[in-house]
Each structure stands twice: as structure tokens, then as C-alpha cells.
Number of protein chains: 2
Amino acid sequence: MTPTITAFEASPDRGQGLARDTRVRWAFEEVGQPYDVRLVSFKAMKEPAHLALHPFGQIPTYEEGDLALFETGSILFHIAERHAGLLPEDANARARAITWMFAAVSTVEPPILELANARLLEGDRPWAKKRLPVVVDRVRDRLKQLSTRLGEADWLDGAFSAGDLMMAHVLQRLKPSGILNEFPNLSAYVARAEARPAYKRAFDAQLAVFTGKPTG
Amino acid sequence: MTPTITAFEASPDRGQGLARDTRVRWAFEEVGQPYDVRLVSFKAMKEPAHLALHPFGQIPTYEEGDLALFETGSILFHIAERHAGLLPEDANARARAITWMFAAVSTVEPPILELANARLLEGDRPWAKKRLPVVVDRVRDRLKQLSTRLGEADWLDGAFSAGDLMMAHVLQRLKPSGILNEFPNLSAYVARAEARPAYKRAFDAQLAVFTGKPTG
């Protein structure tokens, strides 16, 4: 049975890969599995039918027969557990890759989202301009730690894994800010991830929703 | 081999259960497994030996032979995969419990941490007072969605799971703010979690680090 995921009918970034369905599309492409997409409007995301799938009214969701999941971490893990290519076979290496999935969404992403909130949700507030450097510094502190750990390695722990997929997508959001460029090894890490054929296929499929042009 | 975790030598909350080692202690207690604790000072947390275990310089970490993990989500999952009691046996129910683990740390906790930052890190900034209600509203929006999903149920999806353990601990931080009390079912959910014997044992063990009194 082909799983169905949900994605924005009209993505705020005009299909440039920032929406979180990118992570799930990319995971499917890495493991070579087909998937169907159901597009949802902003209005429909807050209605009971979608909230039954995703209690926080977001995308993506994952449906496969009786199973319905939300949270990209959980969906990626579900795909990675069932198909080779996203988690190492060695038990310890697998546990460390799962660690990086959690680190991406619960340690690295929160200050990046706080920066997005400072710009998008509080950009017109009287404190916006003075507060921004404080928030940027919190992001910078995290990136410094991540950059130190990555060092000269291609990926966070051995071969590319679901942990790298998640981390690279979390970091991508920083590209327009210029902060990522302060850390050349992180910038190269994201570029390396974006150069993967699976990422390109996922990106093209998401962009095609916006442009209306078929892929492939 | 008994795993070793790290915890604060001097917890900022004076051992009242807010530090993240609580989650791991609680998980060990739920599955009935022994663990050792190594205490670390704030200074030592930023030194190379600890950064080798935890690149972001935090606690807890988990060591078991050659394996070293960080991130409470990853550590909880590692414990839950190896010992019965924290994840359902049914594959779909297990995937949903994992979903709630990710939801707790990547969707519910970030606005709660943003509120903590607003109070602790930015409390003396000129914008602090005016901005606080904006941040509180973001927390409230999330709790409203979570409260709606929980409804009258005891736990988020069937029996108590690692997802509930994580969510209850994430919500606990809100108790002093009064926001949790605006949602009686969430408040009761946290109280239900805290009433579990395993939680009480974890809490007592953590408090004993601060008081210097042995437990049990």
C-alpha cells in the first residue's frame, strides 16, 4: 500500500523546499519508495478532518491503511525502520543516528524557529529591532557547537543517515540570514545534502506543486 | 552492564524535577532497570571530556560500554526499545507513541522554552514586560490544541507510554506560571503522571542529589 502524505496547497515559500513535507519526500526518495500527496489549504488544516490526523493543525501527515502519524521525526523514523538507506544496521550507530534526529528537532531547530518568530510574528513590534541580535546570538551559539562537532567530516556520524537529513533541513532555513555562512563547514554540509539526487527529486516534486508543472 | 547517566552536580531548580535527567531516571524506573549517575558541574559541562559525550554541553548523557548517547528523546527510545513498559507491542500503537515523543520535544516544548528564555534570559531587557503576553499566547495556543486532543482520556494514546512520559515532563515546567491550570485536563494529566510510583522514585533520587540524603 502506497502511503499518503499531506503538503501545503499553497506553500508560503513558493515551493522552495522549506515546508516540512520536504523532509518526508526526501526520505521516501532516499529509500526509493513511492508515495502519494494530498494537498491541503490553510483553512482545511484547521478543520476537524485534518486535526484528527494532526492535532496541531500542521503538515505533513502520514497515512498508511489504519495508521496515521504526524511529526516529521516520527514519520522519518517509521520510513527508516521499514526500508534500508536511512539508518545504519549496527545497533550503536543506529542509536547515534536517532540521537541526531532528536538533536535536530529539539536542540538545533528551536532557536532557529525563535529567530523565524522574531522576524515573521514579531517583526512589527516595537522591540523587534533591538531584540533581533539577542536571538541571532542564541542561534550562533548552537551552530558553533554543531560546527565544532562536525569538524571536517562529511556527515554527523559516519554515513549519511536520517539524522543528517533532518539536521540539513533544519539548517537550510538559515541560508537567507547569512548566519550559516559564518560556519563554512556547516554551509558545505547543507550543500552536500542538497546535492544528493534524492533531495533534488524531493525538491522538484515539491516545487511542481507550486508551478503546476509535472516533474521528471 | 549498568548504564551511566549524567546529571547536574548543583541543579538550578534545587532538585525539584525540572532538570532533564528526570526523564531518563523516570524511564529507568518505569522499566525496572538500574542505572548509575555521574554528577557534573556547570564548568565541567563545557569542557572537552563532556563535550565529547554531548556536543551541546548539556545533561543528561547515557553511556553503556562503547555506546554514548545524548538527547532525552534518543535515550528514552533506547531504553524503551530494550525493555518492556514504555512502548506498546502493536506496531501501529508503537509508531504513534514515538510520534508523541517527537511532538513533546519538537512541537510542545519549543514555545515553553521560549517562555523560559523570555523570563530568565531576557527578563531584564527593556522589552520584557510588553513581550511576555505575546509569548504566553503562543504557549496557550499549543496547549489548547493538546488539550483538545487529550479530551477526557488518561493518556495521549491508550496506555501510558514514553510519549506521555516526555509530554508530562515538558508540561511540568509550566506549573509555576499558572498557564497549565487554564487547561484542567492537562493539569490532571500531569498530576496523573506525577502520581506514578516510577516518577516518585525518580524524583526522590534526583532530590537526594541536592539534599545529600540517601533515598529508600
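Predicted model: local features only at pLDDT ≥ 70, side-chain atom pairs only at ≥ 80, totals over all residues.
1. Residues are numbered from 1 along each chain as its sequence is written, and chains are lettered from A in the order in which they are written.

2. Across the interface, 35 residues of chain B are in contact with 35 residues of chain A (C-beta atoms, placed from the backbone, within 7 Å). On the chain B side, helix 5 gives the largest share, 14 residues. By class, that side has 16 nonpolar, ten polar and nine charged residues (Asp, Glu, Lys and Arg are charged; Ala, Val, Leu, Ile, Met, Phe, Trp, Tyr, Cys and Pro nonpolar; the others, Gly among them, polar).

3. Within chain A, the axes of helix 4 (residues 72–82) and helix 5 (residues 91–120) come within 10 Å and cross at roughly 165°. That makes helix 4 of chain A roughly antiparallel to helix 5 of chain A (angles over 145 degrees). G73(A), L76(A) and F77(A) of helix 4 meet M101(A), F102(A) and V105(A) of helix 5 in this contact.

4. The largest nonpolar core has 111 residues (buried Ala, Val, Leu, Ile, Met, Phe, Trp, Tyr and Cys joined through C-beta atoms within 7 Å; buried means 20 or more other C-beta atoms within 10 Å of a residue's own). Among those with the most contacts inside it are L76(A), M101(A) and A162(B).

5. Not counting residues up to four places away in sequence, A162(B) touches, among others, L76(B), F77(B) and M101(B).

How values were computed
Contact = placed C-beta atoms within 7 Å. Helix = DSSP H or I, 4+ residues; strand = E, 2+ residues; numbered from the N terminus. Axes fitted to C-alpha atoms, helices over the stretch in contact; angles between N-to-C directions. Parallel < 35°, antiparallel > 145°, perpendicular 65-115°, else oblique. Buried ≥ 20, exposed ≤ 12 C-beta atoms within 10 Å, placed from the backbone.
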